[in-house]
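Please open the model in a viewer and follow the stops below in order.

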Amino acid sequence: MSTEVPEYERNDAAIRDGIDEEDNKIPLWFNLGFYGMIVVGIVYLVYYTQSGWSSAGQYEAEVAVAEALAEEVRASLPTTNVFAGNSEAIAQGQEVYTTTCAVCHKPDGSGMVGPSLVDPYWKYGDSDEAKFASVAEGRPLGMPPWLAVLGNEKIWKALAYVDSLPRSDAPGVGSPDYQPPQP
Ligand code: HEC
């Protein structure tokens with residue numbers, strides 16, 4: 001590096017104890033950086049406060065896009081059981097039902113921990129769509145959600161199996177009119 005550094009004239013220039021006090025000119029690169037950052041700061045401030053952009057707004061826009069997508073997917077889900085009456089699917093559904101549902105709803109569907117699935121009473125509705133929602137999303141009083149575990153197809157097949165079980169006309173377990181058997 002050159003030792004030739006431009007200097008201002010100083011009236012009080014003095015050498016004390018052999019130490020020469022100097023007042024160097026600020027180099028151009030430093031001033032460019034310094035005033036440049038002030039300009040950047042002003043531009044940033046104006047942009048941030050005036051452009052209408054905000055991280056919360058960006059988040060809401062992204063959520064809106066995701067909601068629209070989820071709505072589209074929901075709308076494209078089948079609302080009737082395409083496996084109804086399909087004996088092969090019902091046999092596969094029986095396997096799912098026996099391993100996953102029977103512990104709570106009993107192998108014959110008459111109910112135990114969970115309500116009867118073969119009586120006329122349906123707390124959450126008896127349409128295919130309502131039953132699918134009961135199983136996929138779960139219900140508050142102890143029905144776990146199964147969508148992540150089983151996926152759409154196995155749920156529909158298990159429900160096709162439930163629909164194929166012999167039905168009962170009497171109010172079953174979980175129905176408000178249920179009468180426990182007298183000993
Ligand atoms: C851990 C016990 C348990 C398991 C396992 C279970 N359920 Fe349930 N299920 C319940 C309970 C408890 C309810 C009642 C929930 C409520 O009333 O909020 C219920 C409710 C339901 C309903 C709604 C009934 C109505 O009256 O509207 C359906 C349909 C159903 N279960 C089907 C199934 C199927 C199919 C499976 C297997 C994939 C399954 N359940 C596994 C406990 C269980």
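Two residues are in contact if their C-beta atoms, placed from the backbone, lie within 7 Å. This is a predicted model, in which local features need pLDDT of at least 70 and side-chain atom pairs count only at pLDDT 80 or more, while totals for chains, interfaces and linings use all residues. Residues are numbered from 1 along each chain as its sequence is written.

Select Leu159. Leaving aside neighbours within four places in sequence, Leu159 is in contact with Asn81, Lys131, Phe132 and Val135.

Next, select Ala158 and Ala160 as well: with Leu159, these residues touch the most other members of the largest nonpolar core, which has 17 residues. Such a core is a set of buried Ala, Val, Leu, Ile, Met, Phe, Trp, Tyr and Cys residues joined through C-beta atoms within 7 Å; buried means that 20 or more other C-beta atoms lie within 10 Å of a residue's own. α3, α4 and α5 each supply at least two residues of this core, and the largest share, seven residues, comes from α5. Helices here are DSSP runs (H or I, at least four residues), numbered from the N terminus.

Move to the ligand. Of the 25 residues around it, Cys101, Cys104, Gly114, Leu141 and Gly142 come nearest; a residue counts if its C-beta atom, placed from the backbone, lies within 6 Å. At least two residues of the shell come from each of α3 (87-105), α4 (128-137) and α5 (147-164), and α3 gives the most, with five.

Finally, select α1 (residues 28-50). The count of buried residues among its 23 residues is zero. Gly52, which follows α1, has a positive phi, near 85°.

Note on methods. A residue is buried if 20 or more other C-beta atoms lie within 10 Å of its own, exposed if 12 or fewer, and partly exposed in between; C-beta atoms are placed from the backbone.
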